[in-house]
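Please examine the sequence and the structure shown below before reading the report that follows.

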Amino acid sequence: MTIQVTKLSDPAVRAFVSAVNAHDRDAFQAVLAPDATMSDDGSDRDLADWTEREIFSSHGHMEVDRESNDGHSLTAHYCNDAWGEMKTRWSFTVDDSGRISRFETGQA
């Protein structure tokens, strides 16, 4: 059973998932801190390159199965045109301004 995006606990994480699913680059950038970083499967990646390749140009989509850690950790089915569907984990660091300063993802 998936969790509706509107029911996600943390506003920044909710905005992140909404932007991914809507393929909205502007909304995605707005939820990230200016110096945001990310990692995929334990390796730091270039945020702009990774998001273009793994989210926007490949039509990424998240279906959240579970949240924990006050909404800062998710387990989700993620799919895109490059890799198909896979079970993934996501963790988010939200700064004092309510923007995501780091996210980490990988296969669950």
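Which residue forms a salt bridge with Arg 53?

## Basis of the model

This is a predicted model, in which local features need pLDDT of at least 70 and side-chain atom pairs count only at pLDDT 80 or more, while totals for chains, interfaces and linings use all residues. Residues are numbered from 1 along each chain as its sequence is written, and side-chain values use heavy atoms, with hydrogens and water left out.

## Salt bridges

The partner of Arg 53 is Glu 54, with the closest N and O atoms 2.9 Å apart; a salt bridge here is a side-chain nitrogen of Lys or Arg within 4 Å of a carboxyl oxygen of Asp or Glu. Glu 54 is buried, at 8% relative accessibility, whereas Arg 53 is partly exposed at 39% (buried means under 20% relative accessible area, exposed over 50%, partly exposed in between, with a 1.4 Å probe and protein chains only).

The structure holds five salt bridges, among them that between Glu 52 and Arg 25 (2.9 Å, N to O). This pair links distant parts of the chain, since Glu 52 lies in helix 3 and Arg 25 in helix 2, 27 residues apart (helices are DSSP runs of H or I with at least four residues, strands runs of E with at least two, numbered from the N terminus).

## Strand 4 and its neighbours

Six of the eight residues of strand 4 (residues 73–80) are buried, so this strand is largely enclosed by the rest of the structure. Strand 4 runs antiparallel to strand 3, to which seven bridges join it, and antiparallel to strand 5, with eight bridges; strands pair if DSSP finds at least two bridges between them.
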